[in-house]
Amino acid sequence: MTDEKLIAAAPFALEAGDAELKRINAEIEGFQASMPSAWDLPLETVRRARREGRGVFPGLQPDRDATTASVRGRGGNAIPLRVLRPTGRTAIGTYLHIHGGGWVFGEAAENDGRLRRLVEATGLVSVSVDYRLAPEHPFPAAPDDCEDAALALLRGEVEGAPLDRLAIGGESAGAHLSVLVLLRLRDRHDQTPFRAVNLVAGAYDLSLTPSVRSFGAERLVLNTQDVVEFVERFVPEGVSLRDPAVSPLYAGLERLPPALFSVGTRDLLLDDTLFMAARWLAAGNRTELDVQPDGCHVFQIFASEAGRRSEARMAAFLLRHLGDASSRVLSQD
């Protein structure tokens with residue numbers, strides 16, 4: 001296929017596998033098997049444990065140079081933003097980041113390490129949205145906050161966030177919300193300001209794709225029950241899970257920016273990425289797909305050579321579509 005269509009971000013050879021990721025997967029499975037289910041504990045207990053690094057993910061390691069800001073949401077609520085700027089040079093643009101956590105867990109500060117590497121590799125300012133979480137604030141609170149944050153950014157209300165080159169992206173639920181923001185800006189405001197979108201292991205069909213339904217009880221970061229529990233807390237009763245406003249896989253995807261879709265083969269959201277990448281392409285958008293053998297859900301969070309390569313591809317993708325070749329890119333060698 002040509003550069004106008006689907007581009008494989010890297011050679012794919014499932015039979016080769018990745019020994020380092022297999023080892024990491026075994027460690028994750030062993031750890032999670034020894035722990036109680038998150039659904040047997042109060043949500044605040046799980047949120048605190050996640051923040052302290054007592055869950056499957058590393059704990060918070062705040063960037064000392066991160067700053068905070070806030071913008072006003074449509075209901076008058078304050079939407080906190082976490083801002084990282086490149087050091088020693090003028091920023092070339094802004095990356096609007098939306099964190100993961102199943103719409104129930106997570107916060108912007110969890111991503112300081114990976115966003116710092118992205119900021120230094122690209123010269124972009126990172127603006128990460130701390131949207132309201134379910135079940136306290138179910139749909140449409142999270143997409144409303146992310147849309148409102150994007151509109152505030154476009155109005156120049158985020159100090160020090162350049163508007164010349166704009167990209168958006170996130171992981172897991174954050175990838176889902178990133179696509180909803182693009183659709184809302186296009187359909188509600190007739191705006192398509194973002195020149196690239198970086199989508200990592202997103203959930204795009206909340207009625208559950210085959211890979212989610214068939215994954216079963218094994219918990220490799222997530223299992224089938226986890227996704228079901230997340231969706232039940234995020235989407236109110238009576239809202240169709242196949243409504244395009246909830247599940248963007250069913251939306252019209254025309255006039256959207258070039259997208260990089262990244263996922264691992266051991267991720268239960270594999271089909272979400274494969275299906276959405278195909279629909280993105282069919283709608284006439286430039287599409288790149290990076291499938292990592294043996295990668296678990298958001299494998300980039302866990303230190304590995306494969307994760308480092310994936311981050312480098314993301315930085316290179318953003319620079320390629322934002323049009324600045326002078327910035328540093330993380331080596332893929």
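Q: Which elements each supply at least two residues of the lining of the largest cavity?
A: A cavity is a set of points on a 1 Å grid over the protein atoms alone where a 1.4 Å probe fits but cannot get out, and its lining residues have an atom within 4 Å of a point. Helices (H or I, at least four residues) and strands (E, at least two) are DSSP runs numbered from the N terminus. The elements are strand S4 (93-98), helix H3 (112-122) and helix H9 (305-322).

Q: Which element gives the most to this lining?
A: This is a predicted model, where local features need pLDDT of at least 70 and side-chain atom pairs pLDDT 80 or more, while totals for chains, interfaces and linings use all residues. Residues are numbered from 1 along each chain as its sequence is written, and side-chain values use heavy atoms, without hydrogens and water. With four residues, the element that gives the most is H3.

Q: How are the rings of Trp-39 and Phe-230 arranged?
A: Rings of Phe, Tyr and Trp (its six-membered ring) pair if their centres lie within 6.5 Å; planes under 30 degrees apart are stacked, over 60 edge-to-face, the rest tilted. Here the centres are 5.3 Å apart and the planes at 80°, so the pair is edge-to-face.

Q: How many residues apart in sequence are the parts that this pair ties together?
A: Trp-39 lies in the loop between helix H1 (19-33) and helix H2 (43-51). Phe-230 lies in helix H7 (residues 224-234), so the separation in sequence is 191 residues.

Q: Are Phe-261 and Trp-280 buried or exposed?
A: Buried means under 20% relative accessible area, exposed over 50%, partly exposed in between (1.4 Å probe, protein chains only). Phe-261 lies in strand S8 (residues 259-264) and Trp-280 in helix H8 (residues 270-282). Both are buried.
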